[in-house]
Amino acid sequence: MVSAMAVSGLGFGQKAIYKDAGAPVQQRVRDLISRMTLDEKVGQLNQVNGGVLTGPAVANDPGQQGKVKLLKEGKVGSFLNVVGAAQTKEVQRIAVEESRLGIPVLFGFDIIHGAKTIFPIPLAEASAWDTEGALKAAEIAAKEASSMGLHWTFAPMMDVSRDPRWGRVMEGSGEDPYLQAQLAAARVKGFQGNFDENHVLATIKHFAIYGASEAGREYNTVDVSRYAAWNYYLPPYKAAVEAGAATVMNSFNLFEGEPASGNNYLVNEVLRGKWGFKGMVVSDWASFGEMMAHGYAANETEAAIMALKAGSDMDMESGVMRNTLAQSVKDGKVSEALLDAAVARVLELKFKLGLFDNPYKYHDEAKEKASLLTAENLAAARKAAANSMTLLKNSDNILPLKSPKSILVLGHLAESQNDVLDFWKGLGDHKNTVTVLEGLKAKYPGATITFVKGVNRDGKLEAGAEAQIKAAAKKADVIVATIGLYGDLAGEARSLGNPEPSKGQMDMLAAAKLTNKPLVVLVQAGRPMIITELMTKYNTILYTWIGGTQHGNAVADILNGDVNPSSKTAMSFPVSVGQIPVYYNHYNSGRPHKDGNEGPGDFWVSRYRDTPNEPLIPFGYGLSYSKFEYSDLNISKPEINQNESVTVSVKVKNSSNVDGTEIVQLYIRDLVAQPVRPVKELKDFKRVVIKAGETATVTFELPATKLSFYDADGNTLLQKGDFKIMVGPNSRDLSEVKLVLK
Ligand code: NOJ
């Protein structure tokens, strides 16, 4: 028998380096690229949709047969929306066994807040201010997703936004860069783990500043300064890069008049240059091609070149790279070296995931079956949902409802399995969800629970609803009414000009109020709604957001007090649409106004004549069944230098007779700076469990570096002078001490 060594020495049957699991990844990548034709290289940058549409149908779609053909020719680097262990396995088989070089494909999908077990929407999860919880939720989502053949999720989304008209606020973590950054990093870690077959690659999206779309209208223009970009919008993406996210997705919008997909400053200079990101950048759905609609690229050839030159790599769905890039290289319009660098970034991921060595490791049907909707996953989703629901009012102390004998439940949303999910429900199935009605029935098995629809899905009052409510209320101890927006009104392409409860919903509540029975209002929505009238007229309000698979159980856990609410909203709630954008970390004007200061001397100031300046509900606000009292805010020293840190402490007393969790928030204000700084900036927070009657001393280590900010070029500035250090239960009700930075 001839030894393998001898054969390889002769050059016969020599194993290609790229197939050698023992060779270093970079060497394998180089070897493989050296064997690829131009078309095969461009193929690696081509991502096509193989399932449900999560964007508009594209003119370039090659059709199912066309896609299989492309796959066999080695011209598909990745599929999105192909899912399921069996289905992905078959596609992978074609790629690996029927294409010339056998390069495996990457399977990507939008796993935003769960794969099969759906967690609360990210904005709700953000309201729990719980990085460990967010990490755990991402880990569970990754485990389910990877068992379904997926390698890669297009999440987490970390677009800071101040506009609840924008439907995608549900996908992010609200208006604050610090909270958003903490959660983005946690989610990246949860999704990716150690890059094994129980995890999925994460995507930083949408790069960048998509959340600032004008007037909250989807896909609209973004026009913010670099100073604002660096300080308000870029920090979460940066934190996610530092957390090791493998991929980044371009956003649809312009930045400085240039589409993000072809934006050299954003991708090459900031992401790859300043932050040293080495991974792969994928377009958003057809966004390379959309550079033509923006009026930036004249044709597909230009669009593909612009994307590549700007540092973007993979073309999701537009086909402009597939159609033109090989020819552009042949024509000398773009260098092959640039193409190779992009291809290398795609291949590197595939090697790192071990797909060349075991292409089928993510496609095990038995594992898939065992991984989905497990009791452990459902319990985690229930806990996450209950931690995310925000108690806005409990002025009559109706809650918790310990042992009602009869409950009247109102509103379509209470019985809807669909609406506790949303547009980004992953593979979630409404059949697996728990509604409010079901949750209450399970929680209070001895109680009579009656349901009157009252309003239908579109929020219109049902015929005869008022009389039905009156009659049913006679036998009820308490009424639980659901209002809000149906689930499909949260997510992409779901901007709303006026996110208010409908007239029918308000009429239903009015009918319920007339009965004089205790009334609990549940507001279910994927964004802060305009609830000014509701907050004025009703005394018990739980903002449930959209809770996912376990929504109804989580509501019931809070209503009966098994869970003491602790959530605090991650977005300000506007008083009216006219106030938008309203956010806590704004600058002072040269003529500042404070609500309540109205008077003769308060005319030529920055204010509305018909509306307050302050939001209805401030960022960071939420109640508990416990009562927390803050006192004794202290700092360990009044002055620090730039290398020091200061300890900030505060006492928080739980003066009630129920154990509770309080989210203690620390803000700063840099009083004089060039450029100017916001009136408040969140710099730290802690979730603290405080037993009934006990007092906790909560401490924060505040290093001087946290007093820094960015200039318009992204350089860090740390300016000497006076700072306010503020601590409290939300962004409005704060105590303060002075700190000097020497
Ligand atoms: C468009 C969305 O903007 C993006 O977030 C998503 O990942 C892709 N479609 C794929 O579905």
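How many nonpolar, polar and charged residues make up the shell around the ligand? By class, that shell holds six nonpolar, two polar and five charged residues. Here Ala, Val, Leu, Ile, Met, Phe, Trp, Tyr, Cys and Pro count as nonpolar, Asp, Glu, Lys and Arg as charged, and the others, Gly among them, as polar.

The model is predicted; local features need pLDDT of at least 70 and side-chain atom pairs pLDDT 80 or more, while totals for chains, interfaces and linings use all residues. Residues are numbered from 1 along each chain as its sequence is written, and side-chain values use heavy atoms, with hydrogens and water left out.

The ligand is surrounded by 13 residues, each with a heavy atom within 4 Å of it. T54, D110, R168, H206 and D284 are the closest. Polar contacts (pairs of N or O atoms within 3.5 Å) involve three of these side chains. A side-chain N or O atom of D110 lies 2.4 Å from a ligand oxygen. For R168, the distance from a polar side-chain atom to a ligand oxygen is 2.6 Å. H206 also places a side-chain N or O atom 2.6 Å from an oxygen of the ligand. The ligand alone exposes 290 Å², and the protein buries 100% of that area (Shrake-Rupley method, 1.4 Å probe).

H206 belongs to strand β5 (residues 203–207); strands are DSSP runs of E with at least two residues, and helices are runs of H or I with at least four, numbered from the N terminus. The peptide bond between K205 and H206 is cis, with omega about -5°. Another cis bond leads from L399 to P400, with omega near -5°. P400 sits in the loop between β11 (390–394) and β12 (406–410).

Pockets were found on a 1 Å grid over the protein atoms alone, as open sets of points with protein on both sides within 12 Å along at least five of seven lines; a 1.4 Å probe was used, and lining residues have an atom within 4 Å of a point. Volume is the space filled by probe spheres set on the points, which are joined across faces, edges and corners. The largest pocket holds about 1000 Å³. Its lining has 36 residues, with H586, H593, N613, E614 and V679 nearest the centre.

The second largest pocket holds about 720 Å³. Both domain 1 (4–42 + 60–367) and domain 3 (625–741) contribute to its lining, so this pocket lies between them. Domain bounds come from an automatic or database assignment. Helix α9 gives the most to this lining, with six residues.

Conventions
A polar contact is a pair of N or O atoms within 3.5 Å; within protein, one must be able to donate a hydrogen and the other to accept it, and residues adjacent in sequence count only if both atoms are side-chain atoms.
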